[in-house]
Amino acid sequence: MAKTYDFPSDLLAGQEELHQVRAELLALLKRLPWSVEPLDGFSDDKGWRQIERPASPGWTPDEQAEVEKLRERERELAVFVSCHRFWAELAAEERVTARSLLKHARETTEEPPEDEA
């Protein structure tokens, strides 16, 4: 049976917020134009695969600020989670396994969906 760990609540909360911030950042980046600065579109069919990009209007200052805010929060949370005092309590050979379990902790605590009859 796989070993379980009693993660502190602040560590679990930090990991969950890190998941949320990363998901929000990814969604934002998918919505934004491909280039931060305004650039003309291009087509390149000389490489091993064709690349085409439409003209990019660039990001607005508000969009740039939002991306930077999310990236900064992501860095803060990554440092908090990776440097948490909990890791010092574990033997070195257990840390990788425990870290992996922490990353997936929300998946194991979620209730399975109820069957609809």
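Which does Gln 15 count as, buried or exposed?

Modeller: Gln 15 counts as buried, because its relative accessibility is 3%. Buried means under 20% relative accessible area, exposed over 50%, and partly exposed in between, with a 1.4 Å probe and protein chains only. This is a predicted model, where local features need pLDDT of at least 70 and side-chain atom pairs pLDDT 80 or more, while totals for chains, interfaces and linings use all residues. Residues are numbered from 1 along each chain as its sequence is written, and side-chain values use heavy atoms, without hydrogens and water.

Start with the setting. Gln 15 sits in helix α1. The protein has four helices and two strands, in the order α-β-β-α-α-α from the N terminus. Both kinds of element are DSSP runs numbered from the N terminus: helices are H or I with at least four residues, strands E with at least two. Of the 117 residues in the protein, 21% are buried.

Now the helix itself. α1 covers residues 9-31, 23 residues in total. From first C-alpha to last it reaches 33 Å, close to the 33 Å expected at 1.5 Å a residue. That expected span is 1.5 Å times one less than the number of residues. An α-helix has 3.6 residues a turn, so residues three or four places apart point the same way.

Next, what Gln 15 touches. Contact means heavy atoms within 4.5 Å. Leaving aside neighbours within four places in sequence, Gln 15 is in contact with Val 81, Arg 99, Leu 102 and Lys 103. With Arg 99 there is also a polar contact, side chain to side chain, at 2.6 Å. A polar contact is a pair of N or O atoms within 3.5 Å; within protein, one must be able to donate a hydrogen and the other to accept it, and residues adjacent in sequence count only if both atoms are side-chain atoms.

Leu 11, Leu 12, Gln 15 and His 19 in α1 meet Arg 99, Leu 102 and Lys 103 in α3. By class, this contact has three nonpolar, two polar and two charged residues. Here Ala, Val, Leu, Ile, Met, Phe, Trp, Tyr, Cys and Pro count as nonpolar, Asp, Glu, Lys and Arg as charged, and the others, Gly among them, as polar.

Then the geometry. The axes of α1 and α3 come within 10 Å and cross at roughly 60°. Therefore α1 is oblique to α3. Axes are lines fitted to C-alpha atoms, for helices over the stretch in contact, with angles from 0 to 180 degrees between N-to-C directions. Under 35 degrees is roughly parallel, over 145 roughly antiparallel, 65 to 115 roughly perpendicular, and the rest oblique.

One more residue on the partner helix. Leu 101 is in α3 and counts as partly exposed, at 33% relative accessibility. Beyond four places in sequence, Leu 101 is in contact with Lys 3, Tyr 5 and Phe 7. Leu 101 and Lys 3 are 98 residues apart in sequence, yet 9.5 Å apart in space, C-alpha to C-alpha.
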